[in-house]
Amino acid sequence: MATPIKRIEKDFLIKVLYDEDLPVIYLKDRSEFILKLEEPAKTEMIFRSDHPINGLSIKSKLDLKFNYRGIVISFTSDVTHIKDGLITCNIPALLYKDLDRSSSRVSTPSDMKIQLTFLGDRYDLSFPRVMEYNPDDAAALSQSVDPHHLSGFIEQMSEWVKNYASSYKLFIFKDTKPQTMEERIVAETGKTLFLISTQADFPIVDPYPHKRIITGEMFKFYLESIGVDPAKLDNACKNYIESRFDNGIYSEAWVPVLFQEYVIGYIHIWVNEKGKPPIDYTIIDSLYEFAKILAYSLKTSGYFEKGKLQNEAFSGKVIDISASGLLFTYPHSDRSPALLPDSELTIKIITPQRSVTTAAKIVRRFKDPSTCYFGCSFIDIEPEDIRFLFEYIYGKPYTDTDATFLMGHV
């Protein structure tokens, strides 16, 4: 992932741009421009380009790169003044290294068109929605379970739970909205509410790379959002856990049942027998697998069929593109909530020479009051398509030397 550079190192790198006469690369309209600082950068950066940059104006945003001792550094700067071939820009707020995209993005060529469609089925459902997308993962289903036989699967899950917990409850938000505090926090976060022991505290950290657990800080944030006095959050957490213990619960977990971006229900398990081992993370892992199987079984049985959307191509406005991904915008609409990180799209890139069709995954999403922005990474793009896009976008042959510089690896 791209790492912001700390202030002292940032100031040093901006200084060496002038001291060591380092070239700064700007890519626009399939042309490469070499910029160099005319004087030391103090309150602004004054560049001279090796050849004129057509269409540049005040407030233009420049995405720039330079190579310092094998490390590719990137930053964005706004043009504040243009005169006599000199381009004045502001000092960037941040510099980045360890880039998480594999090649430099440039403004989209004017003769390029792009069409997007969702990869796989998408749905508009009345269940609680979270801002994360959970891909259908049939490959992860247990080979010993037939997800097409729902009643048999639930019976098997019930037998499994008896080995690790006193009891369990499976609940689907079919005709009712989340009612209890536990239901609401699980539905709003799409994560597991987990008390390893009601004589301890909430988990301090979430051990999963793709976060699954409601930590103590998240629980406090939820309490504050429903009106609990910030000065009383610690006591509120303590009182909640004590109330579970007073109700005879020694360990418990509420695990969400997720389908795409929807929380369709939850599995609640608990221990209320003295001497029985507490629920642990291996049990949470297994419950997530059960939840996947349950969601997949409901899908294959047609449970969500009425909410299936017609998968039509749509056009987003592409801001920039590279040989490995692109950034596009799409206005706020009924479709935009479904464009979530980890969603997969089919992207058709149309140029006068040829078209390229590839799958892509949304890796980041941000928005302003009127528009959503989506950064996508191409998936399994063919080598000949990479070469074509590289040469088409950057306007030069795909050579090992160019690839080494443009790659964001350090």
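Q: Which residues does leucine 17 touch, not counting residues up to four places away in sequence?
A: In this predicted model, leucine 17 touches Leu22, Val24, Leu37, Met45 and Phe66. Leucine 17 itself lies in helix α1, residues 7-19.

Q: What makes leucine 17 count as buried?
A: Its relative accessibility is 2%. Buried means under 20%. Leucine 17 therefore counts as buried.

Q: How far apart are leucine 17 and serine 343 in sequence and in space?
A: They are 326 residues apart in sequence. In space they are 39 Å apart, C-alpha to C-alpha.

Q: What makes aspartate 21 partly exposed, rather than buried or exposed?
A: Its relative accessible area is 43%. Buried needs under 20% and exposed needs over 50%. Aspartate 21 falls in between, so it is partly exposed. This residue is found in the loop between α1 and β2 (24-28).

Q: Why is aspartate 342 called partly exposed?
A: The relative accessible area of aspartate 342 is 24%. That value lies between the cut-offs of 20% and 50%, so the residue is partly exposed. Aspartate 342 sits in the loop between β16 (325-331) and β17 (344-350). Its phi is positive too, near 85°, and it is not a glycine.

Q: How many aromatic pairs are there?
A: The count comes to 24 aromatic pairs. One of them joins phenylalanine 153 and phenylalanine 290.

Q: Why is the pair of phenylalanine 153 and phenylalanine 290 called tilted?
A: The ring centres are 5.8 Å apart, and the planes make an angle of 45°. A pair needs centres within 6.5 Å, so these rings pair. Stacked needs under 30 degrees and edge-to-face needs over 60.

Q: What makes the pair of phenylalanine 388 and tyrosine 392 stacked?
A: The angle between the planes is 20°, and the centres are 5.7 Å apart. Stacked means planes under 30 degrees apart, so the pair is stacked.

Q: Why are phenylalanine 388 and tyrosine 392 separated by about one helical turn?
A: They are four residues apart in helix α7 (residues 383-394). An α-helix has 3.6 residues a turn, so residues three or four places apart point the same way.

Q: How do you know whether phenylalanine 388 and tyrosine 392 are buried or exposed?
A: Phenylalanine 388 has 15% relative accessibility, and tyrosine 392 has a relative accessible area of 6%. The cut-off for buried is under 20%. Phenylalanine 388 is therefore buried, and so is tyrosine 392.

Q: Which ring does the charged end of arginine 122 sit over?
A: It sits over the ring of phenylalanine 118, 4.7 Å from its centre. Likewise, the charged end of arginine 212 sits over the ring of tyrosine 208, 4.8 Å from its centre.

Q: Why are α3 and α4 called roughly perpendicular?
A: Helix α3 (residues 181-189) and helix α4 (residues 216-225) pack at about 110°, with their axes 11 Å apart. Roughly perpendicular covers 65 to 115 degrees. The two helices are therefore roughly perpendicular to each other.

Q: Which residues meet where α3 packs on α4?
A: Met181, Arg184, Ile185, Glu188 and Thr189 in α3 meet Met218, Phe219, Tyr222 and Leu223 in α4. By class, the contact has six nonpolar, one polar and two charged residues.

Q: What makes α4 and α5 roughly perpendicular?
A: α4 and helix α5 (residues 233-246) pack at about 105°, with their axes 10 Å apart. The range for roughly perpendicular is 65 to 115 degrees, so the term applies. The contact of α4 with α5 has six nonpolar, no polar and three charged residues.

Q: Which residues of α3 are buried?
A: Met181, Glu182, Glu183, Ile185, Val186 and Ala187 are buried. The buried residues of α3 pack against elements including α4, α5 and β14 (251-271). Glycine 190 follows α3, with a positive phi near 70°.

How values were computed:
Residues numbered from 1 in each chain as written. Predicted model: local features only at pLDDT ≥ 70, side-chain atom pairs only at ≥ 80, totals over all residues. Heavy atoms only, no water. Phe/Tyr/Trp six-rings, centres within 6.5 Å; stacked < 30°, edge-to-face > 60°. Buried < 20%, exposed > 50% of the residue type's maximum accessible area, 1.4 Å probe, protein only. Lys NZ or Arg CZ within 6 Å of the ring centre and 35° of its normal. Axes fitted to C-alpha atoms, helices over the stretch in contact; angles between N-to-C directions. Parallel < 35°, antiparallel > 145°, perpendicular 65-115°, else oblique. Contact = heavy atoms within 4.5 Å. Nonpolar A, V, L, I, M, F, W, Y, C, P; charged D, E, K, R; others polar.
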